[in-house]
Amino acid sequence: MALRWQRAVAAALRPFELTHPQFVVLSSAWWLGREGWPPSQRELAEHAGMDAMTASQVARALEAKKLITREQDRIDTRIKRLCVTDEGAALARTAIEQVEAVDRAYFASAPDGAALVEALLALAPPGRADETRPS
């Protein structure tokens with residue numbers, strides 16, 4: 001069942017030439033940086049639930065595509081901040097819409113969507129459910 005959802009998401013991302021991990025890093029960097037303070041690679045990795053090395057590798061691939069820049073923090077030079085380019089922001093918004101459409105279609109047959117969301121959030125690691133809970 002989850003594999004079918006993964007395939008549908010991968011198909012939705014294919015026209016954007018994004019893998020699912022690239023989508024997660026790009027959309028997370030855009031989301032976290034929307035207030036004007038770009039996230040560090042570590043902050044992004046924690047938000048996305050991925051290890052820091054994977055986040056760094058994916059960020060490099062997105063930088064090569066000119067969707068983000070990795071800039072040194074002004075205070076702590078060991079920290080890299082992920083800044084989404086204008087092109088990256090536009091792509092993130094469009095890709096998020098497509099992935100949300102996949103989610104809506106995939107979960108439309110659930111008899112009680114709100115209960116399903118609550119059940120899935122209950123499975124999230126401690127602390128993560130509150131970050132993703134709809135307000």
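**Group meeting talk: a walk through one predicted protein chain**

Good morning. The accessible surface of the protein chain comes to about 8800 Å², and carbon and sulfur atoms account for 57% of that area. Please keep in mind throughout that what stands before us is a predicted model.

I shall begin with the overall form. The C-alpha atoms of the chain fill a box of roughly 50 × 35 × 25 Å along the principal axes. How does the radius of gyration of the protein chain relate to that of a compact globule? For 135 residues, a compact globule would have a radius of gyration near 14 Å, and the protein chain has 16 Å, which agrees. Of the 135 residues, 33% are buried.

Next, the secondary structure. The chain holds seven helices and two strands. Starting at the N terminus, the order of elements is α-α-α-α-β-β-α-α-α. As for contacts between residues at least 6 apart in sequence, 53% of them join residues at least 24 apart.

The largest nonpolar core has 25 residues. Leu 13, Leu 18, Phe 23, Leu 26 and Leu 62 are the members with the most contacts inside this core. Which helices each supply at least two residues of this core? They are helix H1 (2–13), H2, helix H3 (41–48), helix H4 (52–64) and helix H5 (86–107). The largest share, six residues, comes from H5.

Setting aside neighbours within four places in sequence, Phe 23 is in contact with Leu 13, Leu 18, Ser 28, Ala 95, Ile 96 and Val 99. Is Ser 28 buried or exposed? Its relative accessibility is 7%, and the limit for a buried residue is under 20%, so Ser 28 counts as buried. Besides Phe 23, Ser 28 touches Leu 44, His 47 and Ala 48, again without counting residues up to four places away in sequence.

From the core I move to charged pairs. A search of the whole structure finds four salt bridges, and I shall present three of them, beginning with the one between Arg 81 and Glu 43. In this pair the closest N and O atoms are 3.2 Å apart. The pair links distant parts of the chain, with Arg 81 in strand S2 (residues 80–84) and Glu 43 in helix H3, 38 residues apart. Arg 81 is buried, because its relative accessible area is 11%, whereas Glu 43, at 38%, is partly exposed.

Arg 81 also forms a salt bridge with Asp 73, and here the closest N and O atoms are 2.7 Å apart. Both Arg 81 and Asp 73 are buried.

The next salt bridge joins Glu 63 and Arg 70, with 3.2 Å between the closest N and O atoms. Glu 63 has a relative accessible area of 30% and is therefore partly exposed. Arg 70 has a relative accessible area of 19%, so this residue is buried.

Now to the backbone. Glu 17 counts as exposed, at 63% relative accessibility. Lys 66, likewise not a glycine, has a positive phi near 65 degrees. Lys 66 is placed in the loop between H4 and strand S1 (68–72), and its relative accessibility of 59% makes it exposed.

Phe 107, Leu 120 and Leu 123 make a nonpolar surface patch of about 300 Å². Leu 120 belongs to helix H6, residues 113–122, and is partly exposed, with a relative accessible area of 43%. Val 117 lies in helix H6 as well, and its relative accessibility of 37% places it among the partly exposed residues. How far apart in space are Val 117 and Trp 31? They are 21 Å apart, C-alpha to C-alpha, and 86 residues apart in sequence.

Thank you for your attention.

Notes: Residues are numbered from 1 along each chain as its sequence is written. This is a predicted model: local features need pLDDT of at least 70, side-chain atom pairs count only at pLDDT 80 or more; totals for chains, interfaces and linings use all residues. Side-chain values use heavy atoms; hydrogens and water are left out. Patches are made of residues with over 30% relative accessible area and no salt bridge: like charges are joined within 9 Å, nonpolar side chains (Val, Leu, Ile, Met, Phe, Trp, Tyr) within 5 Å. Accessible areas come from the Shrake-Rupley method with a 1.4 Å probe; for residues, only the protein chains shown count as cover. A salt bridge is a side-chain nitrogen of Lys or Arg within 4 Å of a carboxyl oxygen of Asp or Glu. Helices (H or I, at least four residues) and strands (E, at least two) are DSSP runs, numbered from the N terminus. Buried means under 20% relative accessible area, exposed over 50%, partly exposed in between (1.4 Å probe, protein chains only). Contact means heavy atoms within 4.5 Å. The radius of gyration is taken over C-alpha atoms; the globule rule is 2.2 Å times the number of residues to the power 0.38. A nonpolar core is a set of buried Ala, Val, Leu, Ile, Met, Phe, Trp, Tyr and Cys residues joined through side-chain atoms within 4.5 Å.
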